[in-house]
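Have the model open and follow along.

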Amino acid sequence: MPSPLGFRNTNPPKSSSPLLISPQPRHGMSVLAERGLNLGKIIRFGSLLLGICVVLAVFLGGGGVEEGRKAYNLGAGVSCSPINRYFTGCGGTGLGERGQRKRSMALNIKNFRENLSPYAQKKKSGKKRVIGDQDKTNPDDKVEKRVLVEDEDYSILIRMKRGVRQVADLVGATIGPKGRNVVLGVEPGKYQPGIVNDGITIAERVKLDDAIENLGAQMLLEAGANVNEESGDGTSTAILLAATMIQQGLRVITAGVNPRRITEGMELAEKKALQYIRELTKNATDTDLRRIAYTSSGDDEEASELLIKAFDDVGRNGVVKIGKSRTSVSSTRIIEGWQYKRGYIREELTNAQENTKWIAKNCHLLLINDPIMKPQDLIKPLKWAQEGNHQLLIMAEDYGQSVIQGLIMAKLKGNMDICAIRAPGMTAYNAENLGDIALLSNGTVIDELAGTTLNSFTPDMLGQVKAVEVGRSMTTLFGDFNNREPLEQRAWEVKLDIENLRFRQQNKGDSDRAIEDALQDLVERQGRLTSGIAVLEVGASSEVELKNRMLRVEDALCATRSAIRMGVVPGGGAALVSLSRWLTEHAKTIEDDEIRTGYKIIAKSLLTPLRQIANNAGISGDYVIQRVKDIQDEKGTDYGWDANTDTLLNLRDQGIIDPTRSIISAIENAASVARAFLTIKGVVRDRVRVKAGL
């Protein structure tokens, strides 16, 4: 009797005849088939369920594809069991007809998800790529150029704006008398820790992980850096203005307004704004200078008084420098030296990487009143500097590109400490300015018209000064000379030249512009010859305090110098509020809607500094702005809000003033950066392809 479970029957029935052969044992499945149990249908139904599992696993995403394949393989293994072979005849393939269809379906779905789906196409196109930690490069990685094209939803500009906002929020917290400080972290070998509230110093240290956001932050830094270079004060104001202009402008262009027309309106508004600020300006009195120095130095009375004393010693047009004191006491001293509005020709020639300057002591000067176009002309002086390990500053009328590249290679590969600047002053007066320097340094001007060339170079032609400091746009020469008689004689000659030019200007023998340029150069020469350089040496009890105090004193110096040159306007953001109101009224006369929108962007942005000052003082910025508008309507543009006392008063009378040059520079550079930002359509950046096996 067959086993009900389908096992082989080990006790077959006995035959009734000895000649009759016993039947062969049958497979258990045959017995079940004879009993009407269609297990083939059951197996096929089970395979169908497994196929459904595969499809569900694929659509669940993540590792579902691999799990689905495992599940499918498991199903294939079951279907190729002896039972399935018995009922379906699948042979050695392990798959019946239904199994083949299921496998084909799974492979098609996988191919669609990896290559043909909209998500995969967008990922391959590169229009929207999330950039974060995966952008951190390794020196061994391969870097390729990649273009990220801006799509219709302005996703790239929005991401760049997030970087702009982060820098603006950090810098904005430091503005005003109630502003906070920011701690700068340590970067070994480059930065030291510090507690500062200087806008440009903070912005320079910001490095964001997201590469696109960091591009926005670097564009905002450009506005502050330009203001710092031009006036030295107002960097925080420039950064806040630029960030607000970008935010207001991006809100408009994402609504469909033409960016070019918007930026055209912003440019027209900027020109009107600068004209209004100049009309609001008044010359700075001695009291104004003291108040500006006191406010800009963070209410440091000792430093501000020393700064004013330094200007009294060398005159308003004299040169004042900031240095470190060897003690905790601050002091001033006068040294011989001159300053010129000329900087290094290439940044690769600097030797002080932290502040991007070239600094030298006991420096030799090579003075050339001719352009240098061949690198071979400098072989003799460079060889002399290399053999004697001398620091050498070259002053020439101009440099060829091959000469510049040769100087860079000589510095990098020849271990030479050299730098090069163009001759100070306008081209027509190069010889006179170089002659003054030769008199100061006891050197000789190499001039082909005078019969001297670089081919006849000898070391005794070189001048020498005690120290040199070369910046991006300014060069300072420090000397130590006991005999001032030759300098006084040269100053008397320059004074006669000034009188002659003024006489010619009255008779209009030459064009007014030419005479004004010549007079400006002569007045600067006279100031250098008759006065030295005042050095304010700042002292402090600790290195952290010293760094913070020096930054504040440098701000005070730049603000005071700007006030001397261009005058002052009401401070505390009051001048910008009155300018904003004036631009808003002027915009109503413009018929073009897009141009008028550009005006309004500038006008609204000008309210940001006062709003931030009030917020830092713990008072609603919009409430303070409205109070200032009301008081200016009633009493005039000189009135504003004092954050220290929370009162409305005449800011000029109270000494709360800002240098006109700082305000103008902040508006110009903020508007320039904002216009450039709003017209961006794409970004080109490095794409990192990681080496295989990493």
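## Ground rules

This is a predicted model, so to speak of local features a pLDDT of at least 70 is needed, and side-chain atom pairs count only at pLDDT 80 or more, while totals for chains, interfaces and linings use all residues. Residues are numbered from 1 along each chain as its sequence is written, and side-chain values use heavy atoms, with hydrogens and water left out.

Helices (H or I, at least four residues) and strands (E, at least two) are DSSP runs, numbered from the N terminus.

## Salt bridges

A salt bridge here is a side-chain nitrogen of Lys or Arg within 4 Å of a carboxyl oxygen of Asp or Glu. The count by that rule is 24. One of them pairs Arg162 with Glu213, at 3.1 Å from N to O. Arg162 sits in helix H7 (residues 155-172) and Glu213 in helix H9 (residues 211-230), so this contact ties together parts 51 residues apart in sequence. For burial, the cut-offs on relative accessible area are under 20% for buried, over 50% for exposed, and partly exposed in between (1.4 Å probe, protein chains only). Glu213 is buried at 14%, whereas Arg162 is partly exposed at 38%.

Next up, Arg290 and Glu305 meet in a salt bridge at 3.0 Å, N to O. That pair links distant parts of the chain, with Arg290 in helix H12 (residues 286-296) and Glu305 in helix H13 (residues 301-314), 15 residues apart. Arg290 is partly exposed at 36% relative accessibility, and Glu305 is partly exposed at 40%. Then there's Arg627 with Asp646, a salt bridge at 3.3 Å, N to O. Arg627 lies in helix H23 (residues 621-635) and Asp646 in the loop between strand E14 (639-642) and strand E15 (647-650), so the pair ties together parts 19 residues apart in sequence. Asp646 is partly exposed, with a relative accessible area of 34%. Salt bridges with shared partners also join Arg261, Glu264, Asp592 and Glu594 into one network.

## Helix packing

Two packed helices are described by the angle between their axes and the distance between the axes. The axes are lines fitted to C-alpha atoms, for helices over the stretch in contact, and angles run from 0 to 180 degrees between N-to-C directions. Angles under 35 degrees count as roughly parallel, over 145 as roughly antiparallel, 65 to 115 as roughly perpendicular, and the rest as oblique.

So how do H10 and H22 cross? The axes of helix H10 (residues 235-253) and helix H22 (residues 608-616) come within 9 Å and cross at roughly 110°. That makes H10 roughly perpendicular to H22. Helix H20 (residues 574-587) and helix H21 (residues 593-605) pack at about 165°, with axes 8 Å apart. H20 and H21 are therefore roughly antiparallel.

Glu270 lies in helix H11 (residues 259-280) and is buried, with a relative accessible area of 10%. Glu270 and Tyr599 are 329 residues apart in sequence but 8.3 Å apart in space, C-alpha to C-alpha.

On the surface, Leu48, Leu49 and Ile52 form a nonpolar patch with about 240 Å² of accessible area together. Patches are built from residues with over 30% relative accessible area and no salt bridge, joining like charges within 9 Å and nonpolar side chains (Val, Leu, Ile, Met, Phe, Trp, Tyr) within 5 Å. Accessible areas come from the Shrake-Rupley method with a 1.4 Å probe, and for residues only the protein chains shown count as cover. Leu48 is found in helix H2 (residues 39-59) and is partly exposed at 37%.
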